[in-house]
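Subject: Structure for your review

Dear colleague,

Please find below the sequence and the structure that I would like to hand over to you. My notes on what was found follow directly after them.

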Amino acid sequence: MNRNPHERPTTVYRTTVSIILYMVLYVALTTLFLYIMMKADGMDAKLVSGALALAMILPIVHTLRHTKDRIVVTPSHLSLTNITTRSKHGDWKTVQKAILPWGDIKDISPNYGIKLTNLQKQVIVTLRSGTQYFIDSNLYDVFFLERKLKTHWHRFRNM
């Protein structure tokens, strides 16, 4: 079976490493809270540590649903899975799979935001139509991803 060379992936960026690191952190915190709950003498300490252990379920579920996410680079397009998008009307939504031809991309730029006392960076892919796609820093190593995607964009946009 011969595939079109423009459809063959050039590069694939995966969330696997970051997902594993976050899961180790969440499981360690949950274990710590459960240990404190078991060893605590006071009822208040048991309730607080139990509530914190239960609160760790939400980030675990959020992280687990991104285990199969990928950014696939081909000579003809950029493919993103489970990506947050903002339309030109300002509406936010999650798109399961977005295929963006290189010619439709207007810009790939960083977005910095402060969350819980640290500076986070997101990569924003802006289309000529005004739609923006946000690549989350918690799922990918966006520090280098922006530069790599820009390199691919400059290389493939005129093909």
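Strands E3 and E4 form a hairpin with 5 residues between them, and Gly90 in the turn has a positive phi of about 90°. Strands here, like helices, are runs assigned by DSSP and numbered from the N terminus: a helix is a run of H or I with at least four residues, and a strand is a run of E with at least two. This is a predicted model, in which local features need pLDDT of at least 70 and side-chain atom pairs count only at pLDDT 80 or more, while totals for chains, interfaces and linings use all residues. Residues are numbered from 1 along each chain as its sequence is written, and side-chain values use heavy atoms, with hydrogens and water left out.

The strands

E3 covers residues 77-86 and E4 covers residues 92-101; the two run antiparallel and are joined by 9 bridges. Two strands are said to pair if DSSP finds at least two bridges between them. Within this pair, Thr81 has Lys97 in E4 as its bridge partner.

E3 also holds Asn82. Most residues other than glycine have a negative phi. Asn82 is not a glycine, yet has a positive phi of about 45°. Its relative accessibility is 16%, so Asn82 counts as buried. The terms for accessibility are defined by relative accessible area: buried means under 20%, exposed over 50%, and partly exposed in between, with a 1.4 Å probe and protein chains only.

On to strand E2: a hairpin of 3 residues joins E2 to E3, and the two strands run antiparallel with 3 bridges. Strand E1 (residues 11-14) pairs with E2 over 4 bridges, also in the antiparallel sense. Val72 of E2 is the bridge partner of Val12, and Val72 has Ser79 in E3 as a bridge partner.

Asp69 lies in the loop between helix H3 (57-64) and strand E2 (70-73). With a relative accessible area of 3%, Asp69 is buried. The C-alpha atoms of Asp69 and Thr15 are separated by 6.1 Å, although the two residues are 54 residues apart along the chain.

How do the axes of H1 and H2 cross? Helix H1 (residues 16-39) and helix H2 (residues 43-55) have axes that come within 8 Å and cross at roughly 160°. Axes are lines fitted to C-alpha atoms, for helices over the stretch in contact, and angles run from 0 to 180 degrees between N-to-C directions. H1 and H2 are therefore roughly antiparallel to each other. By definition, angles under 35 degrees count as roughly parallel, over 145 as roughly antiparallel, 65 to 115 as roughly perpendicular and the rest as oblique. The axes of H1 and H3 come within 10 Å and cross at roughly 165°, which makes H1 roughly antiparallel to H3. H1 passes H2 in a left-handed crossing, and H1 passes H3 in a left-handed crossing as well. A crossing is left-handed if the near helix is turned anticlockwise from the far one by less than a right angle, and right-handed if clockwise.

In H2, the buried residues are Ser49, Gly50 and Ala53. Seen down the axis of H2, these buried residues fall within an arc of 105°, so they line one face of the helix. The arc is that of the directions from the helix axis to the C-beta atoms. The face of H2 turned away from this buried side carries the exposed residues Asp44, Leu47 and Leu54.

Which residues of H4 are buried? They are Val142, Leu145, Glu146, Leu149, His152, Trp153 and Phe156. Down the axis of H4, the buried residues fall within an arc of 135°, so they line one face of the helix. An α-helix has 3.6 residues a turn, so residues three or four places apart point the same way. On the other side of H4, Phe143, Arg147 and Arg155 are exposed.

Phe144 is also in H4 (residues 142-156), and at 37% relative accessibility counts as partly exposed. Its C-alpha atom is separated by 10.0 Å from that of Val123, 21 residues apart along the chain.

Asp107 lies in strand E5 (residues 105-115) and is partly exposed at 30% relative accessibility. The C-alpha atoms of Asp107 and Trp153 are separated by 8.9 Å, with the two residues 46 residues apart along the chain.

Yours sincerely,
A colleague
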